[in-house]
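Colleague: Could you take me closely through the salt bridges, with the cut-offs and the solvent exposure of the partners?

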Amino acid sequence: MYEVCGEKELKVILALDPGDSISGVARKIDENRETIRRVVNCLEEAGYVAYDDGLHLIDQALRDAGLEFLTASANISPPSISEAYVLPQFAGMEYAYTSIDAVYVWTRGGYQVARDPEDYSLFIAVHESELDAWAEFFERFGIPTAEDRQPADDLDGSIQVVLQSEAQIEAEMVDGRPVISLQETVAFANEHYAHFQSALDMLDRMYDEVDTDANYRPS
């Protein structure tokens, strides 16, 4: 009964959507594929997970209980920045990284505009009909949300989430993270060219479909 109660097992149970592959789950939670393959094998042997044209959780109650445990743990040990990036995978709602985080995701972590770890904002596009549900989800982990970035002095913690409400979400997957389209990301970076000149140059070199006027070279 206690053989599959570790951190990675819990993360797999929380992140798994019906039909996911082992590689897909590993990318979602930023873990090594081989490690997650072993974890999934243990979960399957224990009867928690089954494979039928993709992975499936046998009992949804496991996920609900796991989320309750995670939120209780957050009261003792608040999420780190890296953990905050994984949390949306556990919400069971559609979303896409946008704005600054879209640039971060599309450059595969290669470009990170200066963000203070003591005043860190995540930018996520969500369905307008689920705005309140997202706010309630992050509140469970002590992370405040708003539709505009809040001053750090108004917050108790160092992390906040800026929710951008949309009528519909059209996300693309990059390294297991849902993100707005490359075209939208480039448009955002162009709009804020002074901050993202080097990122635009990076995107231009990474993707054939991107053609920018950026000509940044570090000194």
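Modeller: The mean pLDDT (the predictor's confidence in each residue, from 0 to 100) is 90 for the protein, and 95% of the residues reach 70 or more. This is a predicted model, in which local features need pLDDT of at least 70 and side-chain atom pairs count only at pLDDT 80 or more, while totals for chains, interfaces and linings use all residues. Residues are numbered from 1 along each chain as its sequence is written, and side-chain values use heavy atoms, with hydrogens and water left out.

Twelve salt bridges (a side-chain nitrogen of Lys or Arg within 4 Å of a carboxyl oxygen of Asp or Glu) are found in the structure. One of them joins Arg37 to Glu34 at 2.3 Å, N to O, and both residues sit in helix α3 (a DSSP run of H or I, at least four residues), three residues apart, about one turn of the helix.

Arg140 is partly exposed at 33%, as is Glu68 at 48%.

In the pair of Arg115 and Asp101, the closest N and O atoms are 2.8 Å apart, and Arg115 counts as buried at 16%, as does Asp101 at 0%. Elsewhere, salt bridges with shared partners link Glu7, Lys11 and Glu31 into one network.

Definitions and conventions: Helices (H or I, at least four residues) and strands (E, at least two) are DSSP runs, numbered from the N terminus. Buried means under 20% relative accessible area, exposed over 50%, partly exposed in between (1.4 Å probe, protein chains only).
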